[in-house]
Amino acid sequence: MIWNEHYECMEREELQKLQGQRVKEMVKRVYDTVPFYRNKLKEAGIEPGDIKGIEELKKLPFTTKQDLRDNYPFGLFAVPQPEIVRFHASSGTTGKPTVVGYTHNDIQMWSEVVARSLTMAGVTKTDIIQVAYGYGLFTGGLGLHYGAEKVGASVVPISGGNTKKQLQLIEDFGSTVLACTPSYAAFIGESLVEEKIDPRKIKLKAGVFGAEPWTQEMRAQIEQVLGIKAYDIYGLTEIIGPGVSMECQFQRGMHIFEDHFIPEIINPDTGEVLPYGELGELVFTPATKEAMPLIRYRTRDLTRLHAEQCECGRTLVRMEKCVGRSDDMLIIRGVNVFPSQVESVLLEMSETKPHYLIVVDRENNLDTMEIQVEIEEEFFSDEVKELEGLRHRIKANISSTLGISASIRLVEPGTIERSMGKAKRVIDKRNLQ
Ligand code: DLL
């Protein structure tokens with residue numbers, strides 16, 4: 001099923017024309033209404049009339065998270081406050097949150113792209129969808145909520161946390177779809193086993209998981225414990241929230257809704273646009289947003305784009321699962337390490353659980369990395385000799401995949417803090433010094 005065949009299956013040439021038209025109009029609009037952009041474009045020597053089509057996109061300057069911070073809270077809005085019907089914000093690790101606003105039309109557009117996304121996961125009006133993303137300033141809860149209502153599904157707006165209640169409603173309401181972060185899905189799965197609920201007695205069939213990086217190994221574990229098919233959904237507050245891209249049933253990357261969000265991949269060091277297939281930083285131009293359109297927003301997410309047509313019939317480009325964010329990348333003794341690489345290694349092994357923590361520190365001017373791994377109950381009670389063997393195997397696999405050594409600490413099941421939203425996988429004590 002395809003929610004909006006016209007836009008999702010458009011001839012690429014026609015789509016590019018549409019994108020060009022939308023960028024052209026948007027540049028004129030922000031030039032007229034947002035002093036920040038007027039100055040920025042003037043500095044770059046660009047007049048709105050210079051932008052005639054999508055080919056000119058690469059001439060435009062980038063927008064960064066710092067630009068949003070500098071214009072906190074409403075400096076980048078392109079409409080007056082009475083036009084704004086909603087705010088959301090993402091809390092950064094430091095300082096002030098990033099604030100975004102939505103007009104009535106923006107909310108409609110957002111519901112549309114989330115409706116397209118949910119349709120990719122097979123959601124219809126016959127489904128009961130439990131939205132366990134956080135409701136509030138975070139975009140996950142309300143984003144999924146409006147999209148699910150648009151599809152006509154029955155929404156259970158439970159928000160994140162209160163895991164016992166989540167299980168109770170999954171059982172009693174017969175929820176068929178679960179929407180939450182993958183780390184919370186793993187925790188819900190674990191709790192299901194603990195509560196001895198028979199997975200065959202629940203009606204869950206699909207999961208719509210995103211908001212943080214997760215590996216194929218993590219997907220396999222969640223699918224197995226919950227007895228569902230797990231789909232990846234991607235998005236970010238600055239662009240709209242969830243629903244920037246989503247996997248179809250073939251799961252060969254996430255289709256980007258390019259009629260609204262125009263993607264590019266750039267070399268993060270030089271800003272040069274890279275061809276399809278190459279790894280780089282993802283950049284979006286949300287050309288149809290009214291309240292806060294952005295020109296070439298640098299996401300910091302690292303991935304590749306693929307343009308070959310998908311078996312599902314959609315012509316929209318696909319982005320691979322994000323490797324991670326350039327600002328999440330750890331440099332340990334000079335080697336680049338992404339937490340997702342550690343996750344892949346750990347979850348390839350049947351003895352480990354999808355709960356781990358990477359602790360980085362510096363001793364005598366040398367970086368150290370400790371990986372705390374929870375292991376399955378049945379293995380934990382094993383003899384010390386066998387635990388040592390497992391620890392060595394993990395250590396060897398990490399070292400051969402990452403190219404650096406780490407100390408491995410096996411910890412008892414349940415000891416690593418569980419996340420109801422985005423999981424915290426890394427503690428970098430070097431930053432504290
Ligand atoms: O996380 C929006 C969202 C909500 C997406 C619910 C999907 C589901 P932010 O809090 O602004 O917005 O965080 C955006 O999270 O730049 C990525 O680094 C990361 N991210 C989001 N989805 C995925 C995903 C929401 N599917 C940041 N895979 C983004 C990997 C993801 N990383």
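Why are D32 and K28 separated by about one helical turn? Select both: D32 and K28 are four residues apart in helix α2 (residues 12-33), and therefore about one turn of the helix lies between them. Helices here are DSSP runs of H or I with at least four residues, strands are DSSP runs of E with at least two, and both are numbered from the N terminus.

Before moving on, note that this is a predicted model, in which local features need pLDDT of at least 70 and side-chain atom pairs count only at pLDDT 80 or more, while totals for chains, interfaces and linings use all residues. Residues are numbered from 1 along each chain as its sequence is written, and side-chain values use heavy atoms, with hydrogens and water left out.

**Stop 1: salt bridges**

Stay with D32, which forms a salt bridge with K28, their closest N and O atoms being 2.9 Å apart. The term means a side-chain nitrogen of Lys or Arg within 4 Å of a carboxyl oxygen of Asp or Glu. Side chains of opposite charge can pair when their charged atoms come close. D32 is partly exposed at 44% relative accessibility, and K28 is partly exposed at 47%. For these labels, buried means under 20% relative accessible area, exposed means over 50%, and partly exposed is in between (1.4 Å probe, protein chains only).

Next, select D127 and K205, another salt bridge, with closest N and O atoms 3.0 Å apart. This pair links distant parts of the chain: D127 is in the loop between α5 (104-120) and β3, K205 is in the loop between α8 and β6 (206-210), and they are 78 residues apart. Is D127 buried or exposed? D127 is buried, with a relative accessible area of 2%, whereas K205 is partly exposed at 39%.

Now try D367 and R362, whose salt bridge has its closest N and O atoms 2.8 Å apart. D367 is buried at 8% relative accessibility, while R362 is partly exposed at 39%. For a network of salt bridges, select E190, K353, E374 and R418 together. The structure holds 29 salt bridges.

**Stop 2: the open sheet**

Nine strands form an open sheet with mixed pairing, in the order β4-β3-β5-β6-β7-β8-β9-β14-β13. Its edge strands are β4 (154-156) and β13 (305-306), each of which pairs on one side only. Two strands count as paired if DSSP finds at least two bridges between them.

Select I128 to find its bridge partner in β4, S154.

Then go to strand β8 (residues 241-247). Seven of its seven residues are buried, so β8 is largely enclosed by the rest of the structure. Strand β7 (residues 229-236) joins β8 through four bridges, and the two run antiparallel. They form a hairpin with four residues between them. Which residue of β8 stands opposite I233? Look for M246. M246 also has a bridge partner in β9, namely H255. β8 and strand β9 (residues 254-256) run antiparallel and are joined by three bridges. They form a hairpin with six residues between them, and Q251 in the turn has a positive phi of about 50°.

**Stop 3: strand β10**

Select residues 261-266, which make up β10; six of the six are buried, so this strand is largely enclosed by the rest of the structure. Show the side chains: F261, P263 and I265 point one way, and I262, E264 and I266 point the other way. β10 runs antiparallel to strand β11 (residues 280-286), with six bridges joining them. E264 stands opposite V283 in β11.

**Stop 4**

Find G122 in the loop between α5 and β3, where G122 is partly exposed with a relative accessible area of 36%.
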